[in-house]
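Please look over the sequence and the structure below. A short briefing on selected local features follows.

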Amino acid sequence: MAKIAVRRATMQDTSAISQLFRKQIKVWQRINAEGQVEDLPYDALSIYERWLHGGAWMSIETSAILLSHLLCGAGVPLIAETDGVVRAYAEIYPGDEPEPFGRHWHLSHLITGREYGEKALLNALLQFMVEQARQDDIERVTVSISGYDNDAATFYSQFGMIPLHDVVRVGISAQTGQGFYKVTPYVEGEPAKIQGWH
């Protein structure tokens with residue numbers, strides 16, 4: 001197996017990252033005017049119809065916008081490549097929240113091409129991510145997994161990740177006519193105003 005190199009993504013990686021995500025889609029479809037689902041080639045779909053299959057990474061146009069946004073500070077996009085070919089991608093979002101999270105990176109996407117040493121690629125990406133977090137003085141790296149996904153829990157534990165918090169979804173029915181509120185425009189839109197809100 002060729003040596004795996006991991007680095008932060010650049011705008012030149014847009015097409016390759018988009019291809020990784022698009023390879024996950026087995027069938028491209030849309031609903032026609034009669035309300036029936038039809039299978040179509042990728043090129044026959046509009047940008048919006050492509051987006052419906054999985055978000056911004058589904059077309060080169062929206063991929064470029066998203067990657068540009070990430071590179072301007074909204075996130076940390078990482079790629080793993082062999083012989084100059086992008087084989088895997090990780091998308092990380094920085095956060096600063098009350099404990100138990102603190103200053104952290106949250107792993108949002110972790111995706112590989114299926115045709116090439118998936119486990120080695122994932123290991124290389126996560127090792128690089130953990131090392132970069134240390135260098136950037138990030139307190140912890142988080143990832144969300146289902147409480148029933150023991151395989152994912154075992155995999156992430158290899159990188160020092162342990163269960164930190166359980167999230168429980170609660171539905172509360174709304175009651176109308178119980179209270180009044182008044183909306184007042186807030187004209188001082190400086191982000192520094194909410195710095196340290198927690």
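P100 sits in the loop between strands β5 (85-97) and β6 (102-112), where helices (H or I, at least four residues) and strands (E, at least two) are DSSP runs numbered from the N terminus. E99 and P100 are joined by a cis peptide bond, with omega about 20°. This is a predicted model, in which local features need pLDDT of at least 70, side-chain atom pairs count only at pLDDT 80 or more, and totals for chains, interfaces and linings use all residues. Residues are numbered from 1 along each chain as its sequence is written, and side-chain values use heavy atoms, with hydrogens and water left out.

**Backbone**
- D83, in the loop between β4 (76-82) and β5, has a positive phi near 50° and is not glycine.
- Most residues other than glycine have a negative phi, and most peptide bonds are trans.

**Helix packing**
- Helices α1 (residues 14-22) and α3 (residues 60-74) pack at about 115°, their axes 9 Å apart; axes are lines fitted to C-alpha atoms, for helices over the stretch in contact, and angles run from 0 to 180 degrees between N-to-C directions.
- The contact (heavy atoms within 4.5 Å) involves T14, S15, I17, S18 and R22 of α1 and I60, S63, A64 and L67 of α3.

**Loop position**
- L52 is found in the loop between α2 (47-51) and α3.
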